[in-house]
Amino acid sequence: MNQKRIWALIIFIIGMLYFFIPLLSVFEFSLRALKGIYSFEAYRVAFQDPRFYESFGYSFVWAILTILCSMLLIIPTAYWVHLKLRKIKPVIEFITLMPFVVPAVVLAFGLIRLYGKPPLVLTGSPALLIVGYITLSMPYMYRAVDTGLRAIDVKTLTEAAQSLGAGWGTILFKIIFPNLRVAILSGVFLTFAIVMGEFTFASLLVWPAFGPYMEEIGAMRAYTPQALSVVSFLLTWLSIGLIQRVARGAPGQGQVAGAR
Amino acid sequence: MAFLDINNVSKSFNKDTAAVKDFDLQVEKGELVSFLGPSGCGKTTTLRIVAGFEKPTTGLVRIDGKDITNQPPNKRNVGMVFQAYALFPNMTVGENIGFGMKVAKKPAEEIKSRVSELLTLIHMPDFGDRYPNQLSGGQQQRVALARALALRPEVLLLDEPLSALDAKIRVALRAEIRAIQRQLGITAIYVTHDQEEALSLSDRVVVMNGGKMEQVGTPFEIYNFPKTEFVAQFVGVLNSTRAEIVDPANNRLKMDGQHLQTAESMDGYHAGDQVVVAIRPERLSFASDGHKANLLECTIENIMFLGSIVRVTVKVGQYNLFMDTFNNPFLELPKIGDKVQITCSREAVLVVK
């Protein structure tokens, strides 16, 4: 084995250790709920708590609704910008990056102010939560879709479809969406992960979501939050694994959208 | 009445530049017309106006008497083959070809039958279940052609369909395209910057430059009787030089001290007028092979063996001219530096504007 490969291997091992040691520590700590032995007691406590299922289910439903609304908003927008409005692409990209810059607390209070009075009153309705989640997940969904659109010749595919008699609906749902499948899924899973773990919005708007539940458990218990962290890591890896699986299985598609 | 009428069409993208100026062309049913010209000459813009992807600033487009100028592209029944193939990556070859028919809500049986018919036409009967990324470039372009033909369009538009392919496949595929177009009797517009393609494929050629039509004619007319200096220079290899009209009544000119006679009419010209004369390399020959009306003294500058053709560069006064002669292994060619006489007929000397 030559010197370059040895160094590459060393750096790889260091990287793996840097990444996995903290995770292993969390996992090891989560097994210590019962004194003196390793057990899955913390996991049992977590999964036997009815509030776990209530909050998880609640966040799951809103995650799905957020994903659907986000897709309907962002995909046609990104497509139209790519097709007809390339000049304003930098402006759109700037807007989609704003949620990184503006703190979630400020976003939450902004939404409360905006939708707390007529003509559109959403405070008191979980719809406001969706609005907040769409805003938070916008950078990820837009970036994923934008990366997917860059990998296909949007203009020529659109014109080819038009020359064959297709209208905008057919073009979007039969040509563009299927060719962005991997990119969309990438955005979907990122959005799902964000919504499931989101705390600020749900807490300030006082909704029984999974994020506040995790925070509450963390304040009250020692080992159960670590168990839940391991579970959420596993969920994230499962999502990424599914993206890779779909990308490999997608016919005629060589792209995998790059997630941040 | 022409089947396709592109009537005084102009297109400007901004105040200062016109991409297409006063384009006027009538195409008969079943005719294949090529738009030939360098990049940026307006040929693709004109094609896109016919397809409906661009709106003309002025002018009309009619197909079979119907004004389609303001119709959206998905309502025109005009088939298009793109340079980049534009096959839908998420669909099989069969699904790509049947896409237009599916959009038009044709019955499934009809779609299946038509797809099978077209796969046979393009000599790919067993490729229906493959995806575009499993095909070669030439195969993809054939599928793109079949897809454009599926709905039996009134006009077929081809935008440099072969430019992404290598030379051998281009030659084979253009013959196929022409055969299919003739077999179906479909009216077609073919955009290309490759003059060999345009000349070999077309019933007529429109040579364009700077958004304008320079000349319209059959390939024979365009090549042998170019009307402008641009056409003469762009189509084929051409020797062009400056000359002075000496005797317009007898069609005599002087090129760098040597006399030439042309068969072209000198009406409107006067003695002393400066013109451009053009002579095709294949119209020149060694005087030792047979003496024609024009005789020029020259020196051999270079000899290039091109296979079936031998290209000799000769210096006539200040000008270097190309002379093409058929390769003959038993013919002894002169050597570089030799002083020789070359000859050509009156008809070979073209006077271009």
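## Contacts and burial in chain A

In chain A, 79% of the contacts with a separation of 6 or more are between residues 24 or more positions apart. The structure is a predicted model. Chain A has 260 residues, of which 34% count as buried.

## Architecture of chain A

Twelve helices and zero strands make up the secondary structure elements of chain A. Read from the N terminus, the order of elements is α-α-α-α-α-α-α-α-α-α-α-α. The C-alpha trace of chain A spans about 70 × 70 × 30 Å along its principal axes.

## The contact between chains A and B

Chain A gives 18 residues to the contact, and chain B gives 21 residues. On the side of chain B that touches chain A, the elements with two or more residues are strand E6 (78-81) and helix H2 (93-103) of chain B. This side of chain B comprises 16 nonpolar and five polar residues, with no charged residues.

## An open sheet in chain B

Chain B holds an open sheet of five strands in the order E13-E12-E11-E14-E20, with antiparallel pairing. Its edge strands are strand E13 (258-261) and strand E20 (350-352) of chain B, each of which pairs on one side only. From one strand to the next, the twist averages 45 degrees.

Within this sheet, strand E11 (residues 239-247) and strand E12 (residues 252-255) of chain B run antiparallel and are joined by three bridges. B:Glu244 stands opposite B:Lys254 in strand E12 of chain B.

Note on methods: Residues numbered from 1 in each chain as written. Chains lettered and ligands numbered in written order. Predicted model: local features only at pLDDT ≥ 70, side-chain atom pairs only at ≥ 80, totals over all residues. Helix = DSSP H or I, 4+ residues; strand = E, 2+ residues; numbered from the N terminus. Buried ≥ 20, exposed ≤ 12 C-beta atoms within 10 Å, placed from the backbone. Contact = placed C-beta atoms within 7 Å. Nonpolar A, V, L, I, M, F, W, Y, C, P; charged D, E, K, R; others polar. Pairing = 2+ DSSP bridges. Axes fitted to C-alpha atoms, helices over the stretch in contact; angles between N-to-C directions.
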